[in-house]
Amino acid sequence: MSPRLSLIPFLLLCSLQAFVMSFPVSYRQPSDDLIPHFYDNSCPMVEEIVQSVVEKAVMKEARMAASLLRLHFHDCFVQGCDASLLLDNSSTIVSEKGSNPNRNSARGFDVVDQIKSALEKECPKTVSCADILAIASRDSVVLSGGVGWEVLLGRRDSRSASLSGSNNNIPAPNSTLQTLITKFKRQGLDEIDLVALSGSHTIGQSRCTSFRQRLYNQSGNGQPDSSLDKSYYSRLISGCPKSGGDNNLSPLDFVSPTKFDNYYFKNLLSGYGLLNSDEELFAKGQGKKTMELVILYAENEELFLEQFAESMVKMGNISPLRGTMGEIRTNCRTVLS
């Protein structure tokens, strides 16, 4: 039996009751005027319109679900969920699209444009780009086989972007566990949120440049990460050479790369985590709490899906602009003149 798998019965027995008791049955983050029915009178078809566009995009390319989900995450971690990520470079804006976490990897902007165009025809100058990202991320999860949640609405769009915030606030794929915990804590998110939201890596793909270090020089000694399963390591190096091929893609969850399930956690138990930031959640001697959560979610898919939904609601309420703050853009790529 793998040394990793031998840990499971003991940790599961010690932690199951404590963690189950910590999961609320229903979660709603207090957030002033963010409410699920914000557009009932002004744009009652908003959710149907978003879903229709997202569904067509995901049917055309399954990977798009992960891309749209990632946009919401990368937006919320930089000055709040305000659609700052969507802004292009201009005379007054230095776009977050050029940051290290987003350059050559953030995608799905064209789908957001399609959603915005459809909404502007149905109800002009009404639905924010920030709310579009929140709804589209939920729909992406559902269309990939996950569970849905009630999206709180009423966010407004920022008139600024933060390149430095994007570089500094979004966790890098080679982050240590402590760095992950610290960056999530800055956003009001705890270790339960960290592990649950990391479960989004059950869908999507990652570029070779994001995990090459684990394959060839994990500790600066020219050796691969010893925690990688040997067969998985061989599989990865076939698509990610020591040099070149930076944009070659590998699935974050090679078992079920387009299905939103708990195989991401099952993979971690077997040494099949792709990114260092994934592996850190289950690294022996690093974090007992995150290890226990990984085991729980690997054992109980329903528990993971429920907590993921709750953590998404929580993340979606990071510093939203409300009331008269910000604006409602008519084009998600540019601020109003």
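A residue counts as buried when its relative accessible area is under 20%. In this predicted model, Phe-308 comes in at 1% relative accessibility, so it falls on the buried side of that cut-off. Phe-260 is also buried, with a relative accessible area of 1%. These two residues make a handy way into the structure, since their rings form an aromatic pair. The ring centres sit 4.8 Å apart and the planes make an angle of 55 degrees, which puts the pair in the tilted class. Phe-260 belongs to the loop between strand E2 (249–251) and helix H12 (263–269), while Phe-308 belongs to helix H15 (residues 301–315), so the pair ties together parts that are 48 residues apart in sequence.

Ring pairs join Phe-260 and Phe-308 with Trp-149, Tyr-264, Phe-265, Tyr-297 and Phe-304 in a cluster. One member of that cluster, Tyr-297, is among the buried residues of helix H14. Helix H14 covers residues 288–299, twelve in total, and runs 17 Å from its first C-alpha to its last, close to the 16 Å expected at 1.5 Å a residue. Nine of those twelve residues are buried, so H14 is largely enclosed by the rest of the structure. The buried stretch takes in Thr-290, Met-291, Glu-292, Leu-293, Val-294, Ile-295, Leu-296, Tyr-297 and Ala-298.

Aromatic pairs turn up elsewhere too, and a search of the whole structure gives 15 of them. One involves Phe-77 and Phe-184, whose ring centres are 5.1 Å apart with the planes at 70 degrees; planes over 60 degrees apart count as edge-to-face, so this pair gets that label. Phe-77 sits in the loop between H4 and H5, and Phe-184 sits in helix H8 (residues 177–186), so the contact ties together parts that are 107 residues apart in sequence. Both Phe-77 and Phe-184 are buried.

Helix H4 (residues 64–76) and helix H5 (residues 109–122) have their axes 10 Å apart and meet at an angle of about 80 degrees. Angles of 65 to 115 degrees count as roughly perpendicular, and H4 and H5 are therefore described that way. On the H4 side, the contact uses Met-64, Leu-68 and Leu-71, and on the H5 side it uses Phe-109, Val-111 and Val-112. Sorted by type, the contact residues come out as six nonpolar, no polar and no charged.

Conventions. Residues are numbered from 1 along each chain as its sequence is written. This is a predicted model: local features need pLDDT of at least 70, side-chain atom pairs count only at pLDDT 80 or more; totals for chains, interfaces and linings use all residues. Side-chain values use heavy atoms; hydrogens and water are left out. Helices (H or I, at least four residues) and strands (E, at least two) are DSSP runs, numbered from the N terminus. The expected span of a helix is 1.5 Å times one less than its number of residues. Buried means under 20% relative accessible area, exposed over 50%, partly exposed in between (1.4 Å probe, protein chains only). Axes are lines fitted to C-alpha atoms, for helices over the stretch in contact, and angles run from 0 to 180 degrees between N-to-C directions. Angles under 35 degrees count as roughly parallel, over 145 as roughly antiparallel, 65 to 115 as roughly perpendicular and the rest as oblique. Contact means heavy atoms within 4.5 Å. Ala, Val, Leu, Ile, Met, Phe, Trp, Tyr, Cys and Pro count as nonpolar, Asp, Glu, Lys and Arg as charged, and the others, Gly among them, as polar. Rings of Phe, Tyr and Trp (its six-membered ring) pair if their centres lie within 6.5 Å; planes under 30 degrees apart count as stacked, over 60 as edge-to-face and the rest as tilted.
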